[in-house]
Amino acid sequence: QVHLVESGGGLVQAGGSLRLSCAASAHTFGTYPMGWFRQPPGKEREFVAAITSSGRDTYYADSMKGRFAISSDTSTNMLYLQMSGLKPEDTAIYFCAADPDGDYKTANAWHLWGQGTQVTVSS
């Protein structure tokens, strides 16, 4: 059974940085692509970034390029999202996901989800 557990969310001022972490079972790393999504208040879940199971290739939503960086550490079974230059519109619940089937930019394509971690950016 795969469990995804996010951590690292919190309150940060605009312009600040946060690093989100996602702990996964050993089976997940090296088997499934993984990704991050976010859900702003009152809005649908949206794609943030994804990484292949090998960790060699990464993909980002256009609005996150240059500010966010996804990475994985297979030795510790951890997925990370380093966020910098945060803006109030980045306020959302951030979710870790694994095992996409289809369009990886679509939330419905992903089979495994964490419970989410809240990120709040104050102006």
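Reader: How many residues sit between β5 and β6 in their hairpin, and which residue in the turn has a positive phi?
Author: In this predicted model, 6 residues lie between the two strands of the β5 and β6 hairpin, and Gly-55 in the turn has a positive phi of about 85°.

Reader: In what sense do β5 and β6 pair, and over how many bridges?
Author: Their pairing is antiparallel and runs over 3 bridges, and within this part of the structure Ala-49 stands opposite Tyr-60 of β6.

Reader: And β4, how does that strand pair with β5?
Author: Strand β4, which covers residues 34-39, pairs with β5 in the antiparallel sense over 5 bridges, and Arg-38 has Glu-46 of β5 as its bridge partner. The hairpin of β4 and β5 has 6 residues between the strands, and there Gly-42 takes a positive phi near 75°.

Reader: Changing topic, where is Arg-67?
Author: Arg-67 is placed in the loop that runs between β6 (58-60) and β7 (68-73).

Reader: Is that arginine, Arg-67, buried or exposed?
Author: Arg-67 has a relative accessible area of 15%, and because buried means under 20%, Arg-67 counts as buried.

Reader: Which residues is Arg-67 in contact with, leaving aside its neighbours within four places in sequence?
Author: With those neighbours left aside, Arg-67 is in contact with Gln-82, Met-83, Ser-84, Gly-85, Leu-86, Lys-87 and Asp-90.

Definitions and conventions:
Residues numbered from 1 in each chain as written. Predicted model: local features only at pLDDT ≥ 70, side-chain atom pairs only at ≥ 80, totals over all residues. Heavy atoms only, no water. Helix = DSSP H or I, 4+ residues; strand = E, 2+ residues; numbered from the N terminus. Buried < 20%, exposed > 50% of the residue type's maximum accessible area, 1.4 Å probe, protein only. Contact = heavy atoms within 4.5 Å. Pairing = 2+ DSSP bridges.
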